[in-house]
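Welcome, and thanks for taking a look at this one with us.

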Amino acid sequence: MTVESTAARKPRRSAGTKKSPSPKPELVQLLTPEGKRVRNAEYDKYVADITPEDLRGLYRDMVLTRRFDAEATSLQRQGELGLWASLLGQEAAQIGSGRALRDDDYVFPTYREHGVAWCRGVDPTNLLGMFRGVNNGGWDPNSNNFQLYTIVIGSQTLHATGYAMGIAKDGADSAVIAYFGDGASSQGDVAESFTFSAVYNAPVVFFCQNNQWAISEPTEKQTRVPLYQRAQGYGFPGVRVDGNDVLACLAVTKWALERARRGEGPTLVEAYTYRMGAHTTSDDPTRYRGDEERVAWEAKDPIQRLRQFLESANHADEGFFAELETESEALGRRVREAVRAMPDPDHFAIFENVYADGHALVDEERAQFAAYQASFADAEGGK
């Protein structure tokens with residue numbers, strides 16, 4: 001039987017028949033977009049001991065992370081960085097999950113987890129060396145239990161799973177968290193990670209920041225079900241959390257990490273959020289998405305949401321916000337000065353470590369590049 005005849009025998013939906021709408025996925029939320037506290041019987045206990053000082057700390061984390069991110073974007077536009085991947089709009093997902101971690105937990109990031117890096121004590125200026133081309137990361141992963149940024153999409157989930165399997169064999173009671181995006185969820189490495197972590201009951205939390213767009217590809221082009229539901233097929237729980245709600249992200253991540261430490265295996269957390277800016281500074285999102293979508297998500301801004309709650313609960317006054325604004329501007333200046341003080345990248349570093357014992361072709365290319373670089377000096381001298 002031919003493919004055509006098989007297809008012809010399949011029942012077809014008439015042009016006027018619509019698919020029945022899928023039920024709306026459950027979303028864990030503790031703070032509404034208007035900053036109102038809502039109760040959740042399952043997750044409230046994970047933030048029951050949070051104090052007004054803790055809440056102000058979460059707000060400070062998000063504000064300073066956004067300020068650093070904005071400064072990095074400006075530096076790239078001014079030619080000081082080769083590229084930058086902004087986290088704008090995803091501060092709550094990163095700060096909430098980052099503050100849920102213990103010091104002995106281990107983090108495997110992608111290249112956008114600037115807020116998590118902040119929570120792990122990595123100096124913001126160290127993040128920028130790689131994007132300027134002067135180093136391959138800039139920090140010791142074991143000093144902060146925060147791995148170097150991973151550019152290859154999805155591969156860090158395998159690294160995290162292997163590490164988690166290792167610490168489980170060592171008898172440690174710590175946990176591992178792997179960050180990735182909705183685009184990476186379509187990668188084979190992520191699927192393999194889910195399989196291995198489930199089979200070996202690895203103490204790992206897969207934290208997916210679903211920011212709606214894998215560069216220009218919307219989530220609905222990648223999956224027919226909400227991403228968190230994929231965990232069911234691998235035999236471990238998945239949960240969707242409001243990724244713009246820092247309290248909910250904190251609570252859900254704490255829950256997932258505690259499961260891992262108790263030996264109950266992996267969890268998939270889908271933080272449902274939105275990428276407010278471009279995928280990177282080389283991207284123009286106006287070419288593939290409408291402005292009305294961005295405006296709708298601006299009303300759910302994670303920082304404004306927590307500020308409204310702080311103000312309504314009298315947990316912060318104008319003095320706090322003014323002082324934080326001053327601190328924010330000081331951070332921007334420090335980052336700007338630090339980047340401009342960095343050396344220029346070594347133009348010839350790209351030829352190192354290509355082959356263990358060297359290669360004639362690489363030597364030839366290095367010589368050609370040296371002549372090309374020298375031509376600029378000759379041109380300057382001729383003026």
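Predicted model: local features only at pLDDT ≥ 70, side-chain atom pairs only at ≥ 80, totals over all residues.

**Nonpolar cores**

- In soluble globular proteins, nonpolar side chains tend to be buried together.
- Here the largest nonpolar core has 68 residues, and Tyr59, Leu128 and Leu306 have the most contacts inside it.
- Helix H10, residues 246-261, gives the most to this core, contributing 11 residues.
- A second, separate core of 19 residues is also present, and among its members are Ile167, Phe206, Cys208 and Ala231.
- Leu128 is worth a visit for its contacts: beyond its neighbours within four places in sequence, Leu128 touches Phe68, Ala72, Leu81, Trp84, Val335, Val339 and Met342.

**The largest cavity**

- How many cavities of 30 Å³ or more are there? The count comes to one.
- The largest cavity has a volume of about 30 Å³.
- Its lining is made up of Thr65, Phe68, His114, Ala117, Trp118, Val122, Pro124 and Leu127.
- Helices H2 (52-77), H4 (114-119) and H5 (124-132) each supply at least two residues of that lining, and the largest share, three residues, comes from H4.
- By class, the lining of this cavity has six nonpolar and two polar residues, with no charged ones.

**The second largest pocket**

- About 290 Å³ of space lies in the second largest pocket.
- Of the 21 residues that line this pocket, Tyr111, Arg112, Gly181, Ala184 and His279 lie nearest its centre.
- Two strands, E2 (176-181) and E4 (213-214), each provide at least two residues of the pocket lining.
- Sorted by class, the pocket lining has eight nonpolar, 10 polar and three charged residues.

- The side chain of Thr125 makes a polar contact of 2.7 Å with the side chain of Asp123.
- Setting aside neighbours within four places in sequence, Thr125 is in contact with Arg334, Val335, Ala338 and Met342.

**Positive phi angles**

- Most residues other than glycine have a negative phi, and most peptide bonds are trans.
- Asn201 has a positive phi, near 50 degrees, and lies in the loop between helix H8 (188-199) and strand E3 (204-210).
- With a relative accessibility of 36%, Asn201 counts as partly exposed.
- Gln212 also has a positive phi, near 85 degrees, and is found in the loop between E3 and E4.
- Where Asn201 is partly exposed, Gln212 is buried, because its relative accessible area is 14%, under the 20% cut-off.

Conventions:
Residues numbered from 1 in each chain as written. Heavy atoms only, no water. 1 Å grid on protein atoms, 1.4 Å probe; cavity = no way out; pocket = protein on both sides within 12 Å on 5 of 7 lines; lining within 4 Å. Points joined across faces, edges and corners; volume = space filled by probe spheres on them. Helix = DSSP H or I, 4+ residues; strand = E, 2+ residues; numbered from the N terminus. Nonpolar A, V, L, I, M, F, W, Y, C, P; charged D, E, K, R; others polar. Buried < 20%, exposed > 50% of the residue type's maximum accessible area, 1.4 Å probe, protein only. Polar contact = N/O pair within 3.5 Å; in protein donor to acceptor, adjacent residues only side chain to side chain. Contact = heavy atoms within 4.5 Å. Core = buried A, V, L, I, M, F, W, Y, C linked by side-chain atoms within 4.5 Å.
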